Amino acid sequence: MKIKTYCILLLFCIGLLAGCNKTVPEVSEPTGTAAPIEETNAPEVTKVPEVTKAPEATKVPEVTKASEVTEAPKATATPEPTKRPVPPMGELTGCSAEELTKMMTIGWNLGNTLESTGDQVTFDSEPKKAVTAWGNEEPTKELFEAVKAAGFDTVRIPITWYQHMKYDSEEGHYVINEKWLEYVKNTVDYAYELDLFVMINVHHEDWVNAPKFTEESYATAEQMMTEIWTTAADMFEDYDQHLIFESMNEPRQTGLGSTVEWGTGDDNSRKYINNLNQVMVNAVRGQGSAANKERLIMLPGYAASNNTDTLNAIVIPENGGNIAISVHAYYPYFFAADTSDKANHEFPGKSGYGEDYEAAINSMFPKLKAVSERKGVPVIMGECGASDFNNTDSRVRWATFFLTKAKEAGIVCAFWDNQAIYNGTGEAYGLLCRSDYTWFENSAPVVEAIMKVYGREIELPVHVTAVQKAFDWSDIPVTKDWVEIYRSEQGEELAAWGNTWLENWQPYIAPEYDIILIYQSDSEPYMVLQGGWHKVYSEEGEKHPYMRRFTFHDVTETMTAEGVKLEDMTGYFASASQSTMKLYGVYAVPAALRADAGDIAANEPEKGEAAVIPTEENVRVIGRTYMQKDTLWMALSGSGAEFSVTGTKASVIMKADSSARGDESNHTRVAVYLDGIRVADKMLSKAETTIPVFESEEEETHTVRVIKLSESAMSTCGISEIIVNGQVSPTEPKEKLIEFVGDSITCGYGVDDEDRDHHFATGTEDVTKAYAYKTAENLGADYSMVSFSGYGIVSGFTGNGEKSGEQLVPMYYEKLGFSYGTYLGDGSPQAVDWEFSKRQPDLIVINLGTNDNSYVQGKADRKEEYINGYVEFLKTVRKCNPNATILCTLGIMGTDLCPAVEETVARYQNETGDKNVYSMRFAAQLPSDGYAADWHPTEATHEKAATKLTAEIKKIMGN
């Protein structure tokens with residue numbers, strides 16, 4: 001939180017702690033008068049077009065643990081509270097339900113994650129297995145930071161509990177797995193510690209969504225509800241009003257047909273749900289902590305329907321405290337989710353039944369507001385959204401219209417996000433790409449439109465889909481030992497969740513074989529054993545991009561978890577998951593030949609292969625490198641090696657220094673290129689990692705380049721061996737060599753994280769996207785780099801104006817580099833003198849001063865100190881490189897010291913008579929080009945800088 005913002009919030013703190021005191025100065029926002037809304041005759045649609053009366057259900061018992069539920073008296077209308085600043089974590093207390101919802105504006109759902117279920121998930125499963133069961137990544141703090149940066153102030157974390165619980169018959173109650181509780185808490189903390197409002201619930205529970213509501217199902221549900229919410233209330237007993245509990249998600253009867261399941265409920269089912277809501281309220285309020293007594297609790301009606309009759313039937317528990325009604329609305333359904341011939345995915349528009357979309361929305365929100373006023377509690381729309389049907393412009397118009405009406409009605413909405421993008425189904429609600437925290441191309445404009453409704457003008461980083469190499473059977477290492485079960489030369493197209501029947505599989509589902517699935521998809525596939533529908537998931541780790549290995553252990557784990565026998569299975573299928581899939585082949589491979597699919601698992605060369613040491617006789621080194629114990633060590637950004645391979649197979653074995661045993665944010669990031677195309681991008685988290693480069697049946701010639709993408713201070717790495725089935729030779733050097741001397745800008749600091757509020761991580765550094773590397777590419781030149789984040793000429797970066805005299809480039813310019821990591825404990829780059837005689841650069845570009853400026857701060861004496869220090873550094877550079885042209889640059893992250901750089905060059909020339917030194921100003925980065933981590937330049941800014949620098953070099957040195 002910014003200090004200025006925090007100080008402003010302190011002015012409100014006393015009143016908020018005292019119960020949102022109305023004497024606190026209010027911050028108002030402009031409002032407009034809503035146009036009169038007319039009721040229309042458009043049908044109210046939840047998730048099916050028509051609703052029929054449900055069959056008579058078994059009578060629901062009265063709640064035995066709760067007092068009789070009575071209807072709360074109708075509330076008197078009060079003036080709408082104005083929007084208030086929200087106090088930080090731990091300080092939000094004493095507010096009513098209405099006041100809390102006024103503080104919230106717009107929400108986001110962590111969908112298909114903690115609520116993921118599957119037959120492979122059992123009580124003893126590691127939490128990661130459950131969370132990733134539907135193909136999504138584990139949640140991180142950075143994920144929630146990206147959500148907050150986009151403008152969302154509320155997140156909903158759906159949670160499934162039943163697969164992580166077991167009944168203790170001796171104690172007579174259910175036990176929740178401790179690891180699962182810790183995982184839930186950690187996930188909540190990621191968001192809560194960012195001062196976001198956080199909703200948690202019970203979701204996809206088979207004890208809530210029973211086939212039919214009966215006395216027996218109610219008894220189970222009552223116990224489960226009590227124990228889950230008592231545990232949750234204990235776990236979060238001290239969390240303030242930022243944390244919100246939601247009793248259930250879409251509670252419904254699942255065994256009476258879809259019209260009943262997704263209908264509006266009958267008297268019996270509504271009473272059943274009201275009773276369970278009361279049980280939940282009793283568990284939370286009865287826990288005893290002051291926070292839980294005032295916590296906002298969300299209560300749904302049948303199926304969380306937005307139908308007026310359903311909502312009117314919700315009973316607000318007597319003395320329930322802060323309560324809100326929970327509804328869902330993928331609405332209008334035939335625009336937002338339907339895929340039938342009655343669907344119309346254009347907005348504005350009408351469905352095939354004649355329902356006018358704008359009229360339907362105009363009708364729904366006033367009805368929800370009326371229910372809120374009758375019940376005396378706010379309404380929160382915990383889920384909403386419109387599936388991506390490749391109709392971005394219509395979704396933008398829908399979101400603007402939908403949320404404008406929601407805002408007029410005072411209803412908070414939370415958008416569903418399952419990370420599924422356009423796939424032809426009604427389940428493509430992906431907004432945020434969780435692998436790199438950017439926003440999907442079809443959804444970024446929708447999120448920007450959402451925020452505009454709430455007065456937030458934002459421009460989101462858009463996800464760039466990696467272009468995957470076209471599938472080629474020659475890349476698949478099929479041998480005579482592989483048994484073909486299925487093969488399609490061109491690939492069989494399977495829709496999301498689609499599958500294909502396989503024949504002659506029975507002999508190969510055995511301990512002696514693995515099954516290799518050959519496919520192309522954005523999501524991990526699975527296999528299915530029929531005899532029931534038993535999904536088998538692969539537990540392998542790193543894999544070939546087109547291959548997935550299923551072991552017999554994967555099969556037996558599924559069989560054991562589901563209590564079935566393999567001999568009872570009658571069919572075998574290959575299945576897509578949440579994305580479309582092209583299926584190319586299914587093979588049975590002897591387990592005795594097992595290695596990670598597509599990866600070289602062992603470092604010992606196979607028959608016919610040779611282990612080549614990366615000496616300068618075998619490879620062309622790039623930048624400053626150092627050979628130690630037959631390993632070519634790379635410290636500085638951009639250092640590496642390039643070589644030519646003629647053969648059928650190649651891989652490189654990388655070593656990591658001591659940092660690989662520490663914080664993952666310090667691990668080395670390295671890239672491998674094949675004929676100029678990046679084929680590997682690795683974080684070196686182990687002492688040794690093997691990276692496959694290529695494999696073919698026929699002898700081929702390729703150029704391989706290994707580049708260290710991250711900087712030296714945090715970690716170094718080395719190439720220990722090149723494993724080849726063929727010959728290795730160094731590539732030819734370029735005519736010119738440019739040395740770049742700089743700081744974090746030259747390193748490519750944060751260029752892969754376009755969120756200015758994020759901080760340093762080696763995983764978001766990519767020197768190849770920075771101006772220096774791009775300039776060398778533009779000029780067809782070799783390069784070498786000496787750059788360190790935070791370093792300067794006389795002072796490194798300082799946050800308090802005091803000189804930072806340890807982080808100085810001149811201290812290490814004559815060394816191999818600098819790093820806190822050591823070569824597996826044997827040495828460090830600052831202990832190695834660089835041999836300038838190896839190859840003299842033709843040009844040296846120095847870009848230093850950005851960090852010095854945090855110390856200089858416009859003070860004349862410090863500016864003089866900077867100039868004097870820079871002149872001395874130029875003398876050192878000239879001593880080491882007698883014939884090089886030197887170009888001094890500055891300005892990308894600020895031009896304050898540019899005049900000082902120009903003065904430095906003039907003084908140096910006057911003192912030494914050396915006229916082969918020049919200066920140049922970069923243009924300062926523009927807000928329109930965005931900002932990377934810690935306000936560093938984005939790749940767009942680097943591209944502009946490289947263009948300018950390229951032109952200047954050509955002017956100075958000629959083409």
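Me: How do H19 and H20 sit, oblique or roughly parallel to each other?
Reply: H19 and H20 are oblique to each other (under 35 degrees is roughly parallel, over 145 roughly antiparallel, 65 to 115 roughly perpendicular, the rest oblique). It's a predicted model: local features need pLDDT of at least 70, side-chain atom pairs count only at pLDDT 80 or more, and totals for chains, interfaces and linings use all residues. Residues are numbered from 1 along each chain as its sequence is written, and side-chain values use heavy atoms, leaving out hydrogens and water.

Me: At what angle do the axes cross?
Reply: Roughly 50 degrees, with the axes of H19 (residues 860-880) and H20 (residues 898-912) coming within 9 Å. Axes are lines fitted to C-alpha atoms over the stretch in contact, with angles from 0 to 180 degrees between N-to-C directions. Helices are DSSP H or I runs of at least four residues, numbered from the N terminus.

Me: Which residues make that contact?
Reply: Among them are Tyr-866, Tyr-870 and Leu-874 of H19, and Val-901, Arg-907 and Tyr-908 of H20. Contact is heavy atoms within 4.5 Å.

Me: Switching topic: how many residues are in the largest nonpolar core?
Reply: 113, and Met-381 and Phe-402 have the most contacts inside it. A core joins buried Ala, Val, Leu, Ile, Met, Phe, Trp, Tyr and Cys through side-chain atoms within 4.5 Å; buried is under 20% relative accessible area, exposed over 50%, partly exposed in between (1.4 Å probe, protein chains only).

Me: Which helix gives the most to this core?
Reply: H6 (residues 215-235), with nine residues. Apart from this core lies another, of 40 residues, including Leu-816 and Val-901.

Conventions: Helix = DSSP H or I, 4+ residues; strand = E, 2+ residues; numbered from the N terminus.
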